[in-house]
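Please look at the chain and its fold shown here, and then follow the questions and answers below.

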Amino acid sequence: MFKEITNQYLRYLAIILFFIIVLICAVEINFLGLFGYSPTKKDIKFPSLSVASEVYTADSILIGRYYNENRTPVQFKDIPANVINALVATEDVRFYKHSGVDFYSILSGIVSTAKGDKRGASTITQQLAKNLYRTRYNKSQGYIKHIPVVRTLFSKFKEWLTAYKIESNYAKNDILTMYLNTVPFGNNSFGINTAAKHYFNKNLKNINLQEGALLIGMLKATSTYNPIKYPDKAIERRNVVLTQMAKYDFLKSIELQSAISQPLLLNIGNDSNESDGDSYLRAAVSKWLNKWCEENNYNLYEDGLKIYTTIDSKLQKYAEEAVQEQMKTLQRRFNNSWGNEEPWRDSEGNLIENFIGKAVEKLAWYPALVKKFNGNNDSIQAFLSTPKKMKVFSWDGDKEVEYSTLDSLAYYAKTLNTGMMTLDPFTGHIKVWVGGDKHKYFQYDHVNQAKRQAGSTFKPFAYLAALENGMSPCDKFTDKPVTIKYKLGDKEEVWEPKNASYSFSYREMSLRLAMARSVNSITAQVTDSIGWDKVVEAAHRCGIESPLQSVPSVSLGSNDVSVFEMVKAYSTFLNKGVKTEPILVEKIYDIEHNLIADFKPVQAQALTEEIAWLMLYMLRGGMEEPSGTSQALWEWDLWKNNNQIGGKTGTSSDYVDGWYIGLTKDLVTGIWVGADDRSIHFKTSETGEGSKTALPIFGKFMEKVYKDKSTGYSEGRFPKAGVEITRVYNCPSPQIFKDTLAVDSLATDSLAQPLPGEDVFPETKDENNPAVDVPAN
């Protein structure tokens, strides 16, 4: 068909144009898979940019970010003119004159390279094509990637085509904005706005001339000109950029000299280079949203979501402070109690032999170590015993030590941990989430991942089942030895629970007093009279989801549950019998700030309002009944405005787990304290029971909350019953004083009683009769 063109030069031109068109078409359709992916028109109009998602507290305080590429995009209006001028002067001075590919610069570059002055000729638009559409990635190159020179030529050709597409769809200023939002700046900072926050701890619009020049200078080689690692090279490159700006009349000579004379002043921002940082909250939110993201086709790490949690930043701060203060004291107390002895013991108090050795063998990398040394035990032990410098967690801050692997395992095995959650039971909003000591060192979350024996904090479910079966808080049982026979499978079992003091008072106590004083023998009798299946059913109905073995000891907390479950279940009592599924995330906005999710808690009536109020009244007994186990709370300033607090302590066998669940008129808070390995625990009740380990965290926390009136939480009484209370509940208990000549901690010396229905608030804590919680057997 070309023979019809008589003019030889026109015919050659037509042939060349024809083959160029064919080549373009072949590249665009990826003919035979030779050329790989090329951005489509849709890709150009709707580019896929990996943008960090951000998670906030309910009061809009940034908690953290999730990203594959740490990027926060910025609009053109927020980019200082000096940054734009620096970019154009340094990277593409003819930017406003070409249409994506600058052939003048290409020819000039070829000539300069031939003379020994090698320089690039890629335009800003071409660099955008490469960064945004990844035209040089292997998966974008097709089969020709195996042909060295050809693959380079075609990669460059695709860059040209993509650059023309970009220029035909976007204005010049939009191209500059997209470019500055995509380029990397090292230290996992993508986009110039993130870089400004990282290197200068300020938003892009607030950076000055020399700071902007330094960032633009880094684009030539982010590692080489990294101002943190190589400040001298970074300053040298910055000055080159400033000189280019003056060369092309973006700066006056006096401005140039002033800017060049400025020293490098970095102010490294507190943005984390790890996606989920060292926060239990960020990790918890990520797990919380996994299913939602999958169902709604969102990528938490790339889609630039704005996630608003239910967390109250002030309450979270006070909770973390309370944990810090108490855990530091507890760790010191724990270390002192064991001294030079090893704390890993069996239930009989005997040292567990080779405890650390067995712990090493459970490590994921241990099989590889055995393989490396061909199973030679001497070599393995030598490796494990070799000291090396490392940082370890401590409550006084990260500590530099020289530990061997065995030393570090022993150190962390002896470290106490904690989990704490606070819930608004009326809205289902989780206000506080403290998953442990420090996420950097302990990734295991002790709020909803860890499950431990609940001890006496589980007893309220036995009394709940009793109330639902017709009993009242005033019904009385005698504190005496109990023998319960039951079947476990085909086996006949006998259970004989003991009190904490290993003795019995043989006195009658109301259900309220027995629960307040955490008396095992009476709890066991109550459980026996109503059936332990009903206790299990009541606990599940309130919100306990973990499997519960239906045995008589279930009421004493022999099953493993999480802090999350216990707080949810107790909140049913405060919320008039309505079980509320806690929520951690309230709202999610997309990158354009459109509301795409608004979460509401699922609620269901689990108890009658009368039973719920009676349970709240029973829980108040821990403070109001004589020798109630919550009375250590008198130590803190919590009692203004006739404030009322309900709660229950809990301690598992051998003082392995310490618990406290506390209720105020507004909030329910659950706290667990213990070592991650159950073989490690306190020695005695004086140091290890829940009233000594977990309860003080609650006391410290609520004291801080009440003192800060801006939190919106204040002291006050629990709400009055909204329905008629048909059960007898106003039954005063005798004031009991400890007989110092008797071993029995439940001895009674006084019949002093409060007036019927009167709240009992002694002015001082009875030091002669300390609150003693009861470990579950």
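Q: Is cysteine 542 buried or exposed?
A: This is a predicted model, in which local features need pLDDT of at least 70, side-chain atom pairs count only at pLDDT 80 or more, and totals for chains, interfaces and linings use all residues. Residues are numbered from 1 along each chain as its sequence is written, and side-chain values use heavy atoms, with hydrogens and water left out. A residue is called buried under 20% relative accessible area, exposed over 50%, and partly exposed in between, with a 1.4 Å probe and protein chains only. Because its relative accessibility is 0%, cysteine 542 counts as buried.

Q: Which cysteines form a disulfide?
A: A disulfide is a pair of cysteine sulfur atoms within 2.5 Å, and the structure holds 1 disulfide. The sulfur atoms in question lie 2.1 Å apart, and they belong to cysteine 474 and cysteine 731.

Q: Why does cysteine 731 count as buried?
A: Its partner in the disulfide is cysteine 474, which counts as buried at 14% relative accessibility. Cysteine 731 also counts as buried, because its own relative accessibility is 16%.

Q: What is the phi of asparagine 297?
A: Most residues other than glycine have a negative phi. Asparagine 297, placed in the loop between helix H12 (280–296) and strand E5 (306–309), counts as exposed because its relative accessibility is 70%. Although asparagine 297 is not a glycine, its phi is positive, at about 60°.

Q: Which helix holds isoleucine 20?
A: Isoleucine 20 is partly exposed, because its relative accessible area is 39%. Together with Leu10, Leu13, Ile16 and Leu17, Ile20 makes a nonpolar surface patch of about 450 Å². The helix in which isoleucine 20 lies, covering residues 8–28, is H1.

Conventions
Patch = residues over 30% accessible without salt bridge, like charges linked within 9 Å, V, L, I, M, F, W, Y side chains within 5 Å. Areas by Shrake-Rupley, 256 points an atom, 1.4 Å probe, with all protein chains shown as cover. Salt bridge = Lys/Arg side-chain N within 4 Å of Asp/Glu carboxyl O. Helix = DSSP H or I, 4+ residues; strand = E, 2+ residues; numbered from the N terminus.
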